[in-house]
Amino acid sequence: MIPESNFLLHGADYNYEQWLKRKDILEEDLLLMKKSHMNVMTLNVFGWSLLEKEDGVYDFSFLDERIESLHREGIKVILATPSGARPAWLAEKYPEVLRTNSRREKELFGIRHNHCPSSPLYRRKVREMDERLSQRYGSHPAVVMWHISNELGGECHCPLCQENFRSWLKDKYGNLDNLNEAWNTAFWSHTYTSWSQIQSPSPIGEYLVHGQNLDWRRFLSDQYISFMKEEIDAVRKYSPSVPVTTNLMYFFEGIDYVKLAKELDVVSWDNYPRWNAERDSFSVALDTAFFHDRIRSLKGEPFILMESSPSSTNWQNTACLKTPGMHEASALQAVAHGSDSVQYFQWRQSRGCSEMFHGAVLSHNGRSDTRVFSEVSKLGEDLEKLECVKGAETRNKVAIIYDTENAWAIEEIQGYKMNKKNYHETLVSSYAPFYRRGIGVDIVDQSADISSYSLVVAPMLYMVKAGFTDKVKAFIDDGGVFVTTYMSGIVDENDLAFLNGAPGPLEDILGLRVEETDSLPDGRTNRVEMDGRSYINRDISDIVISEGAEVLATYSSSFYKGIPALLKNGNAYYIAFRSDGSLEDDLFSRLSSELSLPSAPFKGEKGVVGVMRGKYMFVFNFSDKDSRFTPDYPMKDLLSGRSVEGEVELEVNGVMVLEME
């Protein structure tokens with residue numbers, strides 16, 4: 001990733017441009033960065049207006065000074081391209097760069113990412129800036145990575161984007177007959193007879209043609225990937241060997257991250273869990289772990305934690321502080337799941353504007369004798385003890401299918417349980433049994449090669465893409481176990497229903513068909529019986545007819561009492577109902593044992609979690625009390641340096657990083 005470094009990165013977004021009139025602060029920053037064991041800073045994320053104060057007039061002197069100052073202190077630089085927040089003069093002089101919203105209203109200059117990704121002029125201005133940055137700093141020994149833009153995403157519906165959308169559609173479909181068939185435009189007499197009639201979805205026009213909505217989202221995703229690739233080409237012009245990344249976001253589906261990741265050298269993301277705010281620590285840790293694994297799985301390699309908060313997060317509904325020890329636990333959780341860095345937004349709190357109360361390493365008073373600074377410094381020391389972990393990888397035997405286009409299609413559904421589709425929650429619920437048992441999981445989409453796994457779980461696989469069924473058949477024939485659930489095998493890539501009914505092309509694999517689906521109102525539940533145990537059924541119930549599949553569980557009430565609720569056909573399983581997670585826990589526990597899935601070598605009390613990264617086991621106490629665990633054999637704790645064997649007590653938010661002796 002960064003060949004010349006053998007250490008885990010520890011740093012922050014450094015928005016030095018906010019402090020140019022305070023030379024004392026800029027000097028103090030360098031001392032405190034060293035004191036807190038920082039070894040990298042991200043610069044220039046929002047630096048455009050400083051570098052180009054008017055069109056074509058550049059001044060890099062301030063950036064020169066900061067990079068040189070950091071370099072003298074041995075601190076590396078991740079250098080950002082500033083396209084995410086352009087200067088006011090650019091919007092005033094070139095209004096075509098401003099976005100148009102879905103109501104066809106031209107937006108004003110402001111906030112971030114208020115630019116049109118189709119604008120040739122904006123792309124030209126960005127390219128000019130990026131090439132200058134590359135030429136000036138691309139070979140600088142301090143610069144170890146390019147950070148392309150910032151949290152890419154959003155929509156523009158301007159005439160340029162409309163024309164590009166039509167061109168994109170022409171390339172995909174070739175002619176209007178193919179498009180009309182794919183979009184089912186005979187519905188409501190919406191057949192298009194000219195390309196010029198097609199518009200992007202709008203609340204003042206068409207927004208209920210699902211195929212059109214899906215293609216618009218695909219187009220937007222492709223537009224931003226294209227925009228990013230132009231930036232990558234620009235910085236590589238003079239620095240072809242410096243790796244590139246861009247920071248992704250939690251469950252953000254405005255861009256297909258699987259496709260975007262293919263263009264990057266390193267994947268990074270911004271992690272802001274809601275610790276202490278809405279749920280218990282274990283639930284937050286579970287949710288966060290799922291997304292760490294999602295990010296790592298995008299390239300199957302270590303990733304970068306680009307942003308996190310060492311304290312509170314101001315834009316959350318409740319800006320809770322992290323309790324003592326939680327910062328280290330949260331940070332090392334990222335490392336355990338594959339991150340080679342811990343970085344913060346930001347180094348020093350802004351004095352004004354919307355993020356003035358966002359947690360930072362230094363608060364407004366700039367003091368270093370604070371709890372947050374002390375915890376950040378301790379983490380920096382501990383990361384130095386863990387340099388052996390850098391680059392370590394784990395090959396997992398379980399995969400969960402999380403497909404962005406499937407998520408888009410589920411959003412379009414007008415039926416079932418409208419206010420509780422809960423795709424993301426269902427994914428995490430399927431992940432939970434493995435997380436509790438210390439079993440590593442990859443999070444992949446339908447395009448992935450699944451042949452190396454022992455178990456593949458595809459929750460709510462509403463959209464089944466061409467070719468995926470063949471992968472599953474080959475996987476099962478080779479001894480793999482496949483599990484899917486209710487709301488699967490219903491539509492194709494154009495959101496058109498399979499005419500053989502659900503589960504569509506998976507019917508032969510699963511040995512069943514879904515005759516009807518019942519949606520349960522809030523507060524109403526059913527029960528499912530299996531092997532003398534009863535499970536709650538809520539929200540969704542498929543009424544299934546077996547066509548050769550073995551019935552493992554049945555509904556115990558309602559008019560479909562006795563109907564199959566869990567079925568097995570060879571190595572394929574179908575969960576026909578939404579439970580509270582207990583059914584999945586029992587089923588995946590049994591399958592884990594039958595398949596001898598590798599797990600973290602320890603036994604612990606509830607809330608104690610073990611995560612394997614290579615030969616290292618990270619053990620976390622995400623319960624609300626001091627708890628115990630026992631490693632399967634003697635190990636060495638890399639943080640304390642002591643040997644660990646027998647029963648061990650771990651305090652709340654406690655962490656150990658163990659290596660087999």
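Helices (H or I, at least four residues) and strands (E, at least two) are DSSP runs, numbered from the N terminus. What we have here is a predicted model, where local features need pLDDT of at least 70, side-chain atom pairs count only at pLDDT 80 or more, and totals for chains, interfaces and linings use all residues. Residues are numbered from 1 along each chain as its sequence is written, and side-chain values use heavy atoms, with hydrogens and water left out.

So, the overall picture. The chain comes to 17 helices and 30 strands. Its C-alpha atoms fill a box of roughly 75 × 75 × 45 Å along the principal axes. The radius of gyration, taken over C-alpha atoms, is compared with a globule rule of 2.2 Å times the number of residues to the power 0.38. For 661 residues a compact globule would come out near 26 Å, and the chain has 26 Å, which agrees. Buried here means under 20% relative accessible area, exposed over 50%, partly exposed in between, with a 1.4 Å probe and protein chains only; 60% of the 661 residues count as buried. With contact meaning heavy atoms within 4.5 Å, look at the pairs at least 6 apart in sequence: 71% of those contacts join residues at least 24 apart.

Six strands make an open sheet, ordered 7-6-5-2-1-11, with parallel pairing. Strand 7 (244-245) and strand 11 (341-344) are at the edges with a single partner strand each, so one side of each has no neighbour in the sheet. Further in, strand 1 (residues 9-13) and strand 2 (residues 40-43) pair in parallel over three bridges, and Gly-11 has Val-40 as its bridge partner in strand 2. Helix 12 (residues 371-385) packs on this sheet, touching strand 1 and strand 11, and its direction makes about 145° with that of strand 1. For that angle, axes are lines fitted to C-alpha atoms, for helices over the stretch in contact, and angles run from 0 to 180 degrees between N-to-C directions.

Next, strand 21 (residues 572-575). Which way do its side chains go? Ala-572 and Tyr-574 point one way, Tyr-573 and Ile-575 the other, and all are buried. Strand 15 (residues 481-485) pairs with strand 21 in the parallel sense over four bridges, with Thr-484 opposite Tyr-574. Strand 20 (residues 564-569) pairs with strand 21 in the antiparallel sense, also over four bridges, and there Leu-566 stands opposite Ile-575. The hairpin of strands 20 and 21 has two residues between the strands, and Gly-570 takes a positive phi near 65°.

On to the cores. A nonpolar core is a set of buried Ala, Val, Leu, Ile, Met, Phe, Trp, Tyr and Cys residues joined through side-chain atoms within 4.5 Å. In the largest one, of 179 residues, Met-41, Leu-43, Trp-347, Tyr-435 and Val-483 touch the most other members. Helix 10 (residues 281-299) gives the largest share, nine residues. Apart from that core lies another, of 15 residues, including Leu-169 and Trp-195.

Cys-116 is buried, at 0% relative accessible area.

Definitions and conventions
Pairing = 2+ DSSP bridges.
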